[in-house]
Amino acid sequence: GYSMNDRLLQEAGGRVTGRYLEENAQSTLKALSPHVAWLPSVWPETYSYTLSIALQAGLPVAVFDIGAMARRIGECDPKAEHRILPLSLTKRPAQLNDCFTDFRSSYLVSDTLRQAS
């Protein structure tokens, strides 16, 4: 997608793919091959089509504990690799980074075990 300031995001190491059409979303995700979909909304969304796209792609998803995205992730299969992060982490970037480091590590271990079986 895109951000409010793509240049700053890119300077920080983020990748900006630009706007997408829903019919291209799955192929775009496949080309990017992300480890996780992080949907960092800090307001109570009433729904999220982006969350639907990430779930359809079979990605583990991380969201903050607010609104419909947290509710929907909470209703997913408990065996899924999804994470609901405390909203307080928006003010604690080092701890947020630690959560993602742990998330990635546990996902890669789980993925390796799935592939071995």
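These are legends for a few close-up views of a predicted model.

**View 1. The largest nonpolar core of the structure has 13 residues.** Let's start on the inside. The residues with the most contacts inside this core are A37, L39, L51, V61, V63, M69 and I73. In soluble globular proteins, nonpolar side chains tend to be buried together.

**View 2. Here we zoom in on I73 and its contacts.** Skip the neighbours within four places in sequence, and I73 still touches L51, L55, V61, V63, H82 and I84. Apart from the core of View 1 there is another one, made of seven residues, including F64, L85, L96 and F103.

**View 3. W38 and F64 make an edge-to-face aromatic pair.** Their ring centres sit 6.2 Å apart, with 75° between the planes. W38 belongs to strand β1 and F64 to strand β2, so this pair ties together parts that are 26 residues apart in sequence. W38 has 36% relative accessibility, so it counts as partly exposed.

**View 4. Four aromatic residues gather in one cluster.**

**View 5. R72 lies over the face of Y47.** For this last stop, look at the ring of Y47: R72 is placed 4.2 Å from its centre.

Definitions and conventions
Residues numbered from 1 in each chain as written. Predicted model: local features only at pLDDT ≥ 70, side-chain atom pairs only at ≥ 80, totals over all residues. Heavy atoms only, no water. Core = buried A, V, L, I, M, F, W, Y, C linked by side-chain atoms within 4.5 Å. Buried < 20%, exposed > 50% of the residue type's maximum accessible area, 1.4 Å probe, protein only. Contact = heavy atoms within 4.5 Å. Phe/Tyr/Trp six-rings, centres within 6.5 Å; stacked < 30°, edge-to-face > 60°. Helix = DSSP H or I, 4+ residues; strand = E, 2+ residues; numbered from the N terminus. Lys NZ or Arg CZ within 6 Å of the ring centre and 35° of its normal.
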